[in-house]
Amino acid sequence: MANKLHIALLFGGNSSEHDVSKRSAHNIYDAMDKEKYDVDVFLISREGIFMSPEDSRRVFDGEDEDTVVAEAMKHIDLSNPLANIQNLGDVKDIDLFYPVVHGNLGEDGTLQALFRILNKPYIGPGIAASAISFDKDLTKRILNQAGIRNTKYELLTDQTKDQYTYASLVEKLGSEVLFVKAAKQGSSVGINRVTNQAEFEAGLADALQYDYKVLVEAGLNRPREVFIAILGNEEPRASRIGGIVLPEEDAWYDYNNKFVDASGMVFELPVVLDESVTQEITEMALAAYKALGLVGLTRIDFMLDEHNVPYLGEPNTLPGFTNISLYPQMWEVSGLSYSALIDEIINYGLAEFERNAKISYDFISLGEERVGKKEYNAERAE
């Protein structure tokens with residue numbers, strides 16, 4: 001390894017959060033100490049193709065992505081089974097992959113599996129933890145098994161959806177406000193707040209665009225959203241807690257609030273809560289982090305009901321780093337600068353790689369195969 005770490009910064013991706021990823025990548029790149037890191041950028045197109053470092057840099061520096069990608073695709077042989085990733089070979093001696101790819105093919109374990117095959121360090125949680133945490137249904141199953149409070153829900157699929165109505169779900173979940181969510185999506189994409197049958201049907205149709213599994217969750221009375229950032233591997237630590245105050249006309253924290261127009265939002269950093277509530281949220285977050293097998297970094301979202309009882313919402317294993325994003329802001333108010341945060345994330349990625357390298361994968365020779373006597377029961381076979 002050279003004096004400087006050679007980092008491959010991946011951004012874009014085949015998901016609804018493609019443009020969010022591009023914003024996050026710029027902030028992370030700018031915060032990286034160039035005295036410590038040599039950084040090559042790789043754009044993953046909306047079709048899931050890794051662009052060359054040269055073409056990626058053109059987009060990163062502001063050229064029109066569609067034009068650059070269209071030109072590049074003329075020179076990519078899609079009959080090659082490795083066409084999607086062949087441009088990774090243009091850069092030698094990568095010391096660590098830094099994915100800033102949100103959502104599908106980024107946070108769902110797919111990229112992590114690629115890095116594992118390449119036998120290279122990377123930042124963030126591993127394959128299984130990423131995949132489980134990206135699936136809201138699997139996340140809730142583990143939270144429930146670990147005794148970590150979260151909202152009641154019912155799982156629907158494209159095969160079972162006709163068995164449910166808004167009224168039947170209200171009766172089962174005990175709430176007239178329901179949230180219909182695609183199981184595997186992020187940043188409020190494929191999520192709808194529903195209060196009647198027509199809204200339920202529209203929300204279900206929207207969610208099924210993104211996944212064949214759909215969660216219907218019970219709403220809380222006068223909910224308040226708060227967030228906590230977790231950092232670390234075997235001994236993770238938690239930031240101070242952040243909160244948001246929505247504009248009066250907005251019923252919930254949707255995609256527009258998060259990434260498009262946050263001008264009406266109030267960010268409380270840190271949020272003022274009773275010490276007992278702060279402690280409970282922190283303990284729940286750390287317990288969930290360990291139960292889900294997370295390492296590196298994760299933002300965990302919570303909802304507080306009208307009595308300030310916390311309910312764990314979901315983990316975000318590669319949280320946004322846009323100017324609006326709360327993960328880096330929560331660490332800043334906790335005393336950790338943006339640049340120092342990036343250093344720690346990278347160091348945790350390297351440490352996890354070294355830890356996993358100690359796991360043995362020795363193979364035992366089977367030797368000559370010996371098969372026992374087989375007895376067939378003719379009557380039962382008929």
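Glu-217 counts as buried because its relative accessibility is 8%, where buried means under 20% relative accessible area with a 1.4 Å probe and protein chains only. This model is predicted, so local features need pLDDT of at least 70 and side-chain atom pairs count only at pLDDT 80 or more, while totals for chains, interfaces and linings use all residues. Residues are numbered from 1 along each chain as its sequence is written, and side-chain values use heavy atoms, with hydrogens and water left out.

Glu-217 belongs to strand β7, residues 213–218; strands (E, at least two residues) and helices (H or I, at least four) are DSSP runs numbered from the N terminus. Leaving aside residues up to four places away in sequence, Glu-217 touches several residues, including Lys-140, Tyr-153, Leu-173 and Phe-179; such a contact means heavy atoms within 4.5 Å. Thr-151 is also among the residues that Glu-217 touches, and the side chains of Glu-217 and Thr-151 are joined by a polar contact of 3.4 Å. A polar contact is a pair of N or O atoms within 3.5 Å; within protein, one must be able to donate a hydrogen and the other to accept it, and residues adjacent in sequence count only if both atoms are side-chain atoms.

Attention now turns to a loop. Pro-236 lies between β8 (224–232) and β9 (237–245), and Pro-236 also counts as buried because its relative accessibility is 12%. Not counting residues up to four places away in sequence, Pro-236 touches Ile-230, Leu-231, Leu-286, Tyr-289 and Lys-290. From C-alpha to C-alpha, Pro-236 and Asn-119 are 24 Å apart in space, and they are 117 residues apart in sequence.

Notes: Buried means under 20% relative accessible area, exposed over 50%, partly exposed in between (1.4 Å probe, protein chains only).
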